[in-house]
Amino acid sequence: MDRSNQTSPVVGFILLGLSAHTRLEKTFFVLILLMYLVILLGNGVLILVTILDSRLHTPMYFFLGNLSFLDICYTTSSVPLILDSFLTPSKTIPFSACAMQMFLSFAMGATECVLLGMMAFDRYVAICNPLRYPVVMSKAAYVPMAAGSWAAGITNSVVQTSQAMRVPFCGDNVINHFTCEILAVLKLACADISINVISMVVANVIFLGAPVLFIFVSYVFIIATILRIPSTEGRKKAFSTCSAHLTVVVVFYGTILFMYGKPKSRDPLGADKQDLSDKLTSLFYGVVTPMLNPIIYSLRNKDVKAAMKNLVRQ
């Protein structure tokens, strides 16, 4: 019988997570919980200093505050669900909650891609056209740029999530993942998902490919400008203003390339190990990058370090 004729309304899903590796669950619960607390503390402090310290009321730190808030939202959309799955035998999630979690994580991920591109443009103007920086990156420009990043990410998420949740699902409602990751959910579909695939490819070109290309071109001009600075001290000072952003970009996109670019094993005996490896890579991608962002900016940025010291003294 055709599988599509056996569909039934799905009211919820079962998230496998690490169900096949119960010994690891308690260990990873402690590890992920500690990392989540570091994310909340580190990004929360960054948001606080960018608001309270008047010296940080500039476009770069406005974008940084948005990035920190985004990282908190991104991890909060999935980490509590993951932690709960480590402790409870019941791994079920209602259909509506699955859709909401998918929407939030998708929206935050797409927004971060666009926001990193906006931050690259800010650094390009600051280094390549410093005299025009106050005009080009005025408040009337950088606030809409940040708002546009959020609007683009949310719009993309609405489209992708609504398309994914409209497809019919078969009786098998087991998601082989920690969260309602869109590709894992679509594997349960009983209908043709070619429209979903095409839509995601287009979205990846817009929200991954275009920002990466824009960031790359921006840094080509930035590096060329820095190399033309005659003094060594001047070159160091110019590079220090964009080194933190460049490091965050490399970590963010490098992890994505590692996750989706590594070859799949053809050995059936190694399928379980690779499945576990893929899950853990995805899990740590969701927490490591948001945890590293405030650490990178606090260690590599003198203004942020000074603002944090002032905050502690108060």
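Which hand does the crossing of α2 and α4 have? The crossing is left-handed; a crossing counts as left-handed if the near helix is turned anticlockwise from the far one by less than a right angle, and as right-handed if clockwise.

1. **Basis.** This is a predicted model, in which local features need pLDDT of at least 70, side-chain atom pairs count only at pLDDT 80 or more, and totals for chains, interfaces and linings use all residues. Residues are numbered from 1 along each chain as its sequence is written, and side-chain values use heavy atoms, with hydrogens and water left out. Helices (H or I, at least four residues) and strands (E, at least two) are DSSP runs, numbered from the N terminus.

2. **α2 and α4.** Helix α2 covers residues 59-76 and helix α4 covers residues 95-128. They pack at about 165°, with axes 10 Å apart. Axes are lines fitted to C-alpha atoms, for helices over the stretch in contact, and angles run from 0 to 180 degrees between N-to-C directions. The two helices are therefore roughly antiparallel. Angles under 35 degrees count as roughly parallel, over 145 as roughly antiparallel, 65 to 115 as roughly perpendicular and the rest as oblique.

3. **Who meets whom.** From α2, the contact includes Phe 63, Leu 67 and Leu 70. From α4, it includes Met 108, Leu 115 and Met 119. Contact means heavy atoms within 4.5 Å. By class, this contact has 13 nonpolar, 4 polar and 4 charged residues. Ala, Val, Leu, Ile, Met, Phe, Trp, Tyr, Cys and Pro count as nonpolar, Asp, Glu, Lys and Arg as charged, and the others, Gly among them, as polar.

4. **α1 and α3.** Helix α1 (residues 22-52) packs with helix α3 (residues 79-87) at about 155°. Their axes lie 9 Å apart. The pair is therefore roughly antiparallel, and its crossing is left-handed. Residues of α1 in the contact include Phe 28, Phe 29 and Ile 32; those of α3 include Pro 80, Leu 83 and Phe 86. The contact has 10 nonpolar, 1 polar and 2 charged residues.

5. **α4 and α6.** Helix α6 spans residues 139-166. It packs with α4 at about 145°, with the axes 7 Å apart. Here the crossing is right-handed. The contact has 19 nonpolar and 7 polar residues, and no charged ones.

6. **The sheet.** Three strands form an open sheet in the order β2-β1-β3, with mixed pairing. β2 (92-94) and β3 (174-175) each have a single partner strand, so one side of each is left without a neighbour in the sheet. Strands of a sheet pair through backbone hydrogen bonds, either parallel or antiparallel. Two strands pair if DSSP finds at least two bridges between them.

7. **Both pairings.** β1 (residues 12-15) runs parallel to β3, joined by 2 bridges. Leu 15 has Ile 175 of β3 as its bridge partner. β1 and β2 pair in the antiparallel sense over 3 bridges. Ile 14 is partnered with Thr 92 in β2, and Ile 14 also stands opposite Val 174 in β3.

8. **The record.** An unreviewed UniProt entry lists several spans as "transmembrane region", including residues 103-121 and 141-159. UniProt positions are given in the numbering used here, feature names are shortened, and annotations may be inferred rather than shown by experiment. In the model, residues 103-121 are 100% helix and 0% strand, with end C-alpha atoms 27 Å apart. Residues 141-159 are also 100% helix and 0% strand, with end C-alpha atoms 27 Å apart.
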